[in-house]
Amino acid sequence: MKLMFVGPPGAGKGTQATRVAQKYDIPHISSGDMLRAQMRKGSELGIAAKKYIDEGHLVPDDVIVAMIGKRIKEADAQKGFLLDGFPRTAAQAEALDKITKLDMVINVFVPDNKLVHRMTGRRVCDSCSATYHVSMLSDLKTCPKCGGNLYLRDDDAEEIVIERLKVYKESTQPLIQYYTDKGILRDVVGSGGIDTITQTILSVLEGQG
Ligand code: AMP
């Protein structure tokens, strides 16, 4: 199964994508996680991407398409994959169409007013990439799953979050129509309990939602 999750930053796509990918035993391919790993390594790609990411802007299409194009050709992705954060522009979607065809796109919908609160309170594990909201944590520094260090992403600062939401509306939201026209888009409300949202997504994927 070839899946993609679209939705604004802070919609909970990453959390849900991890769970759904596990359930279907397919790789969860997050363009943001891949870029952050490159930034931590200090690679050429990571250094080039950092200036865009820190400003809340998109990394150029050709860089991202090359990175994801290579990843989905790897052996573990041949049985399917779940894309999270890619494609994010019409040019990326068209490039992906030339490489492979998606089976379904899940649009995780969350009202704007909840997103800023979710992102500015988000903490990410530098080891396993799990994300948490500060309201769920008793220790703000240590990952409850793997013991890694939790950090606040530079691009989760409030002014950058506002810019990222603007970029989402301008560049990524049009993809909802693109995939609706192809007949493969399904909407899922991304607010409520994490388990309930996972169940809703699984029902939609199994054709019962
Ligand atoms: P995310 O973790 O998905 O919120 O992504 C964090 C940042 O990485 C974004 O704000 C962009 O700067 C960059 N990024 C991630 N995926 C893409 C993409 N598909 N196209 C361009 N930039 C991306």
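What covers the buried residues of helix H4 (residues 61-71) includes strand S2 (28-30), helix H2 (31-41), helix H3 (44-55), strand S3 (81-84) and helix H5 (90-99). Helices here are DSSP runs of H or I with at least four residues, strands are runs of E with at least two, and both are numbered from the N terminus. The buried residues of H4, with buried meaning under 20% relative accessible area for a 1.4 Å probe and protein chains only, are Ile64, Val65, Met67, Ile68, Gly69 and Arg71.

Before I go on, please keep in mind that this is a predicted model, in which local features need pLDDT of at least 70 and side-chain atom pairs count only at pLDDT 80 or more, while totals for chains, interfaces and linings use all residues. Residues are numbered from 1 along each chain as its sequence is written, and side-chain values use heavy atoms, with hydrogens and water left out.

Let me turn to H2 and H3, whose axes, lines fitted to C-alpha atoms over the stretch in contact, come within 8 Å and cross at roughly 115°, on a scale from 0 to 180 degrees between N-to-C directions. On the H2 side Leu35, Gln38 and Met39 meet Leu45, Gly46, Ala49, Lys50 and Ile53 of H3, where contact means heavy atoms within 4.5 Å.

Finally, the axes of H6 (residues 112-120) and H7 (residues 158-172) come within 10 Å and cross at roughly 135°. That makes H6 oblique to H7, since angles under 35 degrees count as roughly parallel, over 145 as roughly antiparallel, 65 to 115 as roughly perpendicular and the rest as oblique. The contact is made by Asp112, Leu115, Val116, Met119 and Thr120 of H6, together with Glu158, Val161, Arg164, Leu165 and Lys169 of H7.

Key. Buried means under 20% relative accessible area, exposed over 50%, partly exposed in between (1.4 Å probe, protein chains only).
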